[in-house]
Amino acid sequence: FYEDAQGKPQLSRWLNPPFSYFQCLQGFSDLVLSSPDTVRPAFRQKDAGSRAIALRALVVLRIAPDSFAEEIASLAVSGSKEVRESAEQLILDRLVLFQPLLEKYAEKGSSDERYHAVRLLGRISDDSVSSFLTKRLEIEKSQKVIEAIQHIRGTNEPAAAAGGALEEYTL
């Protein structure tokens with residue numbers, strides 16, 4: 001991960017995404033996990049595209065996100081859509097790991113962070129998430145976040161009712 005003196009990424013010289021050159025190296029994921037502090041600056045690059053590439057590299061190179069959970073959760077609620085979408089891939093694969101971090105952002109983040117955290121939490125079909133979102137709805141002040149929670153609850157409730165009806169027919 002390289003930036004010039006003005007903080008601009010120097011990735012344009014690569015024909016393929018830079019991480020693709022490391023796919024053939026055995027043990028590369030172990031190397032990354034053994035030195036996470038070396039990798040963390042990649043998540044703080046100024047350029048959103050570079051941060052998204054760092055996240056995609058974790059997916060493609062099959063690097064367990066556990067060591068970078070805080071950074072990934074932070075990027076999942078960030079302002080860049082490209083970065084959020086790249087972080088989502090990692091989060092949806094390991095919801096149990098990221099649920100508490102997303103709940104923290106849903107409670108204490110900025111209005112936009114709360115909104116994005118709530119949207120991600122809405123993808124988890126779990127009673128604890130439903131109860132968390134119900135409590136958030138009572139406390140939340142931001143109209144955008146309230147509407148997101150109401151949309152999630154509205155989407156989940158009919159799905160549960162439809163699932164119940166489907167079960168009755170299969171019995």
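Predicted model: local features only at pLDDT ≥ 70, side-chain atom pairs only at ≥ 80, totals over all residues.

Colleague: Okay, how many helices and strands does the chain have?

Modeller: Nine helices and zero strands. Helices (H or I, at least four residues) and strands (E, at least two) are DSSP runs, numbered from the N terminus.

Colleague: And what share of the residues count as buried?

Modeller: 41% of the 171 residues. Buried means under 20% relative accessible area, with exposed over 50% and partly exposed in between (1.4 Å probe, protein chains only).

Colleague: Let's pick helix 3. What should its 13 residues span?

Modeller: Helix 3 covers residues 48-60 and should span 18 Å at 1.5 Å a residue; the expected span is 1.5 Å times one less than the number of residues. Its end C-alpha atoms are 18 Å apart, so that agrees.

Colleague: Which helices do its buried residues pack against?

Modeller: Helix 4 (69-76) and helix 5 (81-93). The buried residues of helix 3 include Arg-51, Ile-53 and Leu-55. After helix 3 comes Arg-62, with a positive phi near 55°.

Colleague: Switching topic: at what angle do helix 4 and helix 5 cross?

Modeller: Roughly 135°, and their axes come within 8 Å. Axes are lines fitted to C-alpha atoms, for helices over the stretch in contact, and angles run from 0 to 180 degrees between N-to-C directions. Helix 4 and helix 5 are therefore oblique to each other (under 35 degrees is roughly parallel, over 145 roughly antiparallel, 65 to 115 roughly perpendicular, the rest oblique).

Colleague: Which residues meet there?

Modeller: Ile-72, Ala-73, Leu-75 and Ala-76 in helix 4 meet Val-83, Arg-84, Ala-87, Leu-90 and Ile-91 in helix 5. They divide into eight nonpolar, no polar and one charged. Ala, Val, Leu, Ile, Met, Phe, Trp, Tyr, Cys and Pro count as nonpolar, Asp, Glu, Lys and Arg as charged, and the others, Gly among them, as polar.

Colleague: Last one: is His-116 buried or exposed?

Modeller: His-116 is buried, with a relative accessible area of 10%. His-116 sits in helix 7 (residues 111-121). Leaving aside neighbours within four places in sequence, His-116 is in contact (heavy atoms within 4.5 Å) with Ala-76, Val-77, Ser-78 and Arg-84.

Key: Residues numbered from 1 in each chain as written. Heavy atoms only, no water.
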